Amino acid sequence: MSEDNVNVVGVDSSKLISYIERIERLEEEKKSVQNDIREIFAEVKGNNFDVNAVKEIIKIRKALLKNKVEQQAYQFTLDQYKSALGMD
């Protein structure tokens with residue numbers, strides 16, 4: 001860290017501004033993605049699908065995927081333990 005980047009309170013201002021700018025860019029990207037999602041839901045509604053039902057299906061699919069990943073991690077750990085105990 002060079003002396004040029006540190007103010008009197010010991011803060012690396014160049015790192016700090018870098019973090020802030022990165023967060024600001026991501027916030028803008030997030031807004032753009034949220035707008036894209038809103039547009040898709042408008043299409044869903046425009047094609048006479050129930051938006052709330054579609055949102056619920058998305059939640060269910062997300063939960064199922066999470067459960068599948070958790071189950072795979074559990075199975076992996078279980079297999080490791082069984083192998084360590086000579087149970088395979």
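Biologist: How many salt bridges does the count come to?
Modeller: This is a predicted model. A pair counts when a side-chain nitrogen of Lys or Arg lies within 4 Å of a carboxyl oxygen of Asp or Glu. By this rule the count comes to two.

Biologist: Which residue forms a salt bridge with Lys-30?
Modeller: Look in helix H1, three residues from Lys-30, about one turn of the helix. The closest N and O atoms are 3.4 Å apart. The partner is Glu-27.

Biologist: What separates Glu-28 and Lys-31 along helix H1?
Modeller: These two form a salt bridge, with the closest N and O atoms 3.2 Å apart. Glu-28 is partly exposed at 48%, and Lys-31 is partly exposed at 45%. They are three residues apart in helix H1, so the separation is about one helical turn.

Biologist: Which residues form the nonpolar patch on the surface?
Modeller: Ile-17, in helix H1, is one of them. Its relative accessible area is 42%, so Ile-17 counts as partly exposed. Together the patch has about 400 Å² of accessible area. The members are Val-9, Val-11, Leu-16, Ile-17 and Ile-20.

Biologist: How far apart in space are Glu-24 and Asp-50?
Modeller: Glu-24 lies in helix H1, residues 13-46. At 47% relative accessibility, Glu-24 is partly exposed. Glu-24 and Asp-50 are 26 residues apart in sequence. C-alpha to C-alpha, the distance is 34 Å.

Biologist: What is the secondary structure of the chain?
Modeller: Helix H1 takes in residues 13-46. There are zero strands. The helix total is two.

Biologist: What radius of gyration does the chain have?
Modeller: A compact globule of 88 residues would come near 12 Å. The C-alpha trace spans about 60 × 60 × 15 Å along its principal axes. The chain has a radius of gyration of 24 Å.

Biologist: What percentage of the chain do buried residues make up?
Modeller: The chain exposes about 8,100 Å², and carbon and sulfur atoms supply 57% of that area. A residue is buried under 20% relative accessible area. Of the 88 residues, the buried share is 5%.

Biologist: How far apart are the centres of the positive and negative side chains?
Modeller: The chain has 14 positive and 16 negative side chains.

Definitions and conventions: Residues numbered from 1 in each chain as written. Predicted model: local features only at pLDDT ≥ 70, side-chain atom pairs only at ≥ 80, totals over all residues. Heavy atoms only, no water. Helix = DSSP H or I, 4+ residues; strand = E, 2+ residues; numbered from the N terminus. Rg over C-alpha atoms; globule rule 2.2 N^0.38 Å. Buried < 20%, exposed > 50% of the residue type's maximum accessible area, 1.4 Å probe, protein only. Areas by Shrake-Rupley, 256 points an atom, 1.4 Å probe, with all protein chains shown as cover. Lys, Arg positive; Asp, Glu negative; His and termini not counted. Charge placed at Lys NZ, Arg CZ, Asp CG, Glu CD. Patch = residues over 30% accessible without salt bridge, like charges linked within 9 Å, V, L, I, M, F, W, Y side chains within 5 Å.
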